[in-house]
Amino acid sequence: MIPEKMRQLLPEVELDPSVISVLLCSSTVAFLVLKWMVKKLVQQKMWEARRNRVRALGQMEEAVQQFKQENPEVQASRILSLPLVELVKKLKEDSLSPESVLYTYMDKALEVNRDVNCVTDFIQECVHLLQEVRTQREKGLLYGVPISIKDPIGYEGHVSTCGLGQYLGYPEREDSVLVKVLKKQGAIPFVKTNISQCLINYDCSNLIFGQTVNPLNHKKSPGGSSGGEGALIAGGGSVLGFGTDIGGSIRLPSSFCGLCGLKPTGNRLSGPVSYVQTGEPFLQRPSRSEPLATDINHVTGMVGPMARDVDSLALCMRALLCDDMFRLDPTVPPLPFNEAVYSSSTPLRIGYYDTDGYFLLPPCMRRAVHETRTLLQEVGHTLIPFVPPRIDYVMNELFMKGLFADGGAALLEKFELDTVDPNSCSQINCYRLPFLLKKILAFLTKPLFPRFSSYLNALCGVWSPKEFSELHAALMIYRREFLSGWRNLDLDVILCPVLGPAFTLGYPGRLIAAVSSTMLYNVLNFPAGVVPVTTVTEADEENLKHYTGHYGDPWDRRLRQAVEGAVGLPVAVQCVALPWQEELCLRFMKEVERLAQGQKKQTEENLQHGGAQADVHTEGQSDVQAQASRTTVQTNILMDVQRTLAQTDLVADVQTDVQKPGSQTDLLADVQLHGHPQSSGPDMQPGVQTQLTQPDTETQPCQPETQTQPSQPDVQTQLTQPEVQPDVQTQLTQPEVQPDVQTQPSQPDVQTQLTQPEVQPDVQTQPSQPDMQPDVQTQLTQPDIQPDVQTQPTQPDIEIQPTQPDVHTQPSQSDVQTQPDIETQPSHPDMQPDVPTA
């Protein structure tokens with residue numbers, strides 16, 4: 001009835017098929033032209049943004065040159081060398097002027113930017129803000145401190161691009177709450193820093209401002225998405241910066257650049273932006289400074305500080321956790337900084353693990369965990385093995401599916417008007433696959449590439465309210481499971497690895513799943529920080545050649561390629577605490593930093609004392625490092641076996657088999673001892689080393705025996721437990737005599753081998769030599785400091801048996817190239833040291 005009436009009202013028009021075709025074609029052409037014009041407009045905006053940056057940096061340089069001419073007495077190097085705490089102290093004492101500090105850091109930021117391309121915008125208002133800071137009644141905790149902020153952090157009058165051209169031309173209407181509080185505390189924001197496109201990549205590149213590189217190695221990435229902050233601070237152009245973190249975007253740049261960074265609990269600080277289903281903060285147009293709902297995808301993102309030391313992070317948190325923060329953003333819980341917790345010296349119960357079972361990190365990152373664990377044990381903290389549950393499930397079902405609950409549709413909308421950056425193409429192409437094709441590929445690749453199959457399934461997202469509700473329930477269940485394991489062990493904090501060292505440019509976008517070490521604590525919403533503790537060594541590079549990962553799939557091979565060539569780059573660890581316990585997390589980070597710096601200082605002093613001898617044995621050292629690398633490979637395998645056995649009922653069987661003879665049983669016994677340090681006796685402490693110190697050995701090519709020169713101590717073979725000391729190296733020192741050593745000839749345990757291609761972790765001694773426990777430090781020094789040793793002037797104290805299969809010496813000109821595993825025996829029964837028994 002109704003259709004007939006409508007036909008009477010509408011005029012009768014006969015449509016020619018050709019007319020319909022013309023209309024469709026013209027509509028399609030119009031749509032394509034419109035889309036081309038919009039893209040052209042975006043490209044013009046990008047060109048304009050680059051010109052504006054050049055103009056702003058030019059103004060910045062002019063201001064710096066003018067200040068230098070008017071104030072030639074300013075000592076820039078002295079200002080740049082001051083830590084944040086000392087810098088604030090001198091500013092408050094007026095021994096330094098805020099002008100001199102600001103222009104010094106502006107000058108240094110320009111220099112660093114020319115080197116690594118990290119600054120995107122100069123905040124000209126900092127000059128006027130400087131005068132306002134001087135007129136404040138009370139000097140804030142950050143009085144006169146120039147700071148840098150990441151691109152998405154809202155600043156009035158300046159654009160937050162998120163690496164996308166479509167956001168250009170929409171400046172912020174007001175400061176974010178974070179910036180307002182910083183200004184009230186006397187800080188002076190002066191630059192914005194570069195990010196990855198769309199903030200979904202832990203590289204630092206976009207089509208507007210280009211690629212940022214690592215200031216420590218320009219072939220490496222600074223990390224991301226807060227890579228500009230990491231590069232600027234590591235280069236010395238900023239003393240304090242702020243980034244955002246939803247999967248590791250603060251911690252990864254800190255790890256890659258050798259900085260300290262903190263991801264607080266969600267909403268402990270006011271978030272400057274909103275988080276939507278694109279993987280990182282996105283801002284709303286045209287007003288993007290008002291925070292929207294967070295944690296909408298069950299993955300919490302947060303803003304946090306980055307600096308050169310932990311004290312700077314603590315000072316920043318003191319300044320931000322104030323009444324101004326709680327008043328300007330009522331959603332932030334009014335929890336001031338707890339100074340008593342940060343200053344406490346109570347021993348901690350620390351859980352630790354060196355791998356999460358999903359992505360096996362490079363050997364240097366695992367070594368850093370074990371070295372830090374040893375240092376913490378030596379000062380009285382309790383270290384307890386901890387295994388995070390079901391990381392593969394968390395990575396795919398909770399993290400990836402939570403971020404891309406809509407299958408990545410909201411993210412892909414951002415690229416309809418923008419061109420994808422080449423560093424993100426691999427990642428975006430996976431998101432663009434149709435739902436059905438993702439499912440088919442996931443099914444086909446599951447037998448050979450199970451991790452990629454699970455990854456594709458996660459990218460399909462959830463497609464019903466019921467499924468979304470189930471995802472939320474699964475997250476709550478996992479959090480309770482993790483907390484239950486934490487409380488059963490009565491832990492205070494956790495020590496664990498962080499992704500690193502710095503990746504080669506172009507690799508982060510092809511290994512997005514490698515962030516499992518950091519994303520876990522975004523899912524759990526725990527505070528987590530990163531502290532650098534050591535650097536990559538030649539032995540680490542050699543060990544990397546044997547890296548196969550947990551799965552041995554293309555991702556593991558790609559990870560090995562990504563971290564190659566990193567000798568000298570920083571190696572960091574990750575420190576974690578329970579929610580709302582940022583102060584405890586910072587206290588733990590400070591303890592790790594203090595111990596690592598002390599270890600570094602001691603190593604430098606040892607190198608200074610033995611520098612001349614180190615030059616003589618450089619070639620021998622490299623051989624020791626190569627042998628140590630192979631040792632660490634076997635150690636890692638044994639640790640993986642122990643970790644698997646610890647979660648099954650096979651532990652009891654292994655403990656029973658320890659009593660049986662055989663090298664394999666001995667290896668598992670050592671693993672059990674290493675895996676449960678709390679239950680071991682005093683002779684099983686993992687930090688104690690066994691050392692055999694010989695007088696300087698000089699081998700002549702034509703003589704079967706080795707002549708000994710007692711005047712120069714030279715060769716020292718150090719054997720440590722594999723888990724504690726993965727790098728077995730030759731030490732060039734003379735330790736003092738340990739008189740109270742109990743030798744047990746019935747338990748052979750130490751054996752050094754040279755002819756074997758692989759070093760066996762469980763080693764034994766020859767019957768002719770007193771057996772030595774691996775955890776007791778036994779030393780044989782020069783004859784003149786052992787009163788009970790009978791020596792003969794014509795015979796050396798140590799005789800190297802060249803005819804035995806386990807010994808092989810190779811003369812090299814006038815020096816001796818000593819292999820790392822040399823079995824030494826006294827040349828005469830009367831010359832064995834008289835070691836008193838305990």
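**H14 and H18.** I looked up how helix H14 (residues 391-403) packs on helix H18 (residues 450-459) in this predicted model. Their axes, lines fitted to C-alpha atoms over the stretch in contact, lie 8 Å apart at an angle of about 40°. H14 and H18 are therefore oblique to each other, given that angles under 35 degrees count as roughly parallel, over 145 as roughly antiparallel, 65 to 115 as roughly perpendicular and the rest as oblique. I noted the crossing of H14 and H18 as right-handed, that is, the near helix is turned clockwise from the far one by less than a right angle.

For contacts (heavy atoms within 4.5 Å), I found Asn396, Met400 and Lys401 of H14 meeting Ser454, Tyr455, Asn457, Ala458 and Leu459 of H18. Four of these residues are nonpolar, three polar and one charged.

**Leu595.** I located Leu595 in helix H23 (residues 582-609); helices are DSSP runs (H or I) of at least four residues, strands (E) of at least two. Leu595 counts as buried because its relative accessibility is 12%, buried meaning under 20% with a 1.4 Å probe. Beyond its neighbours within four places in sequence, Leu595 touches Leu375, Leu376 and Val379.

**Whole protein.** I recorded 27 helices and 19 strands, and 55% of the 838 residues as buried.

**Conventions.** Residues are numbered from 1 along each chain, and side-chain values use heavy atoms, without hydrogens or water. Local features need pLDDT of at least 70 and side-chain atom pairs 80 or more, whereas totals for chains, interfaces and linings use all residues.

Definitions and conventions:
Buried < 20%, exposed > 50% of the residue type's maximum accessible area, 1.4 Å probe, protein only. Axes fitted to C-alpha atoms, helices over the stretch in contact; angles between N-to-C directions. Nonpolar A, V, L, I, M, F, W, Y, C, P; charged D, E, K, R; others polar.
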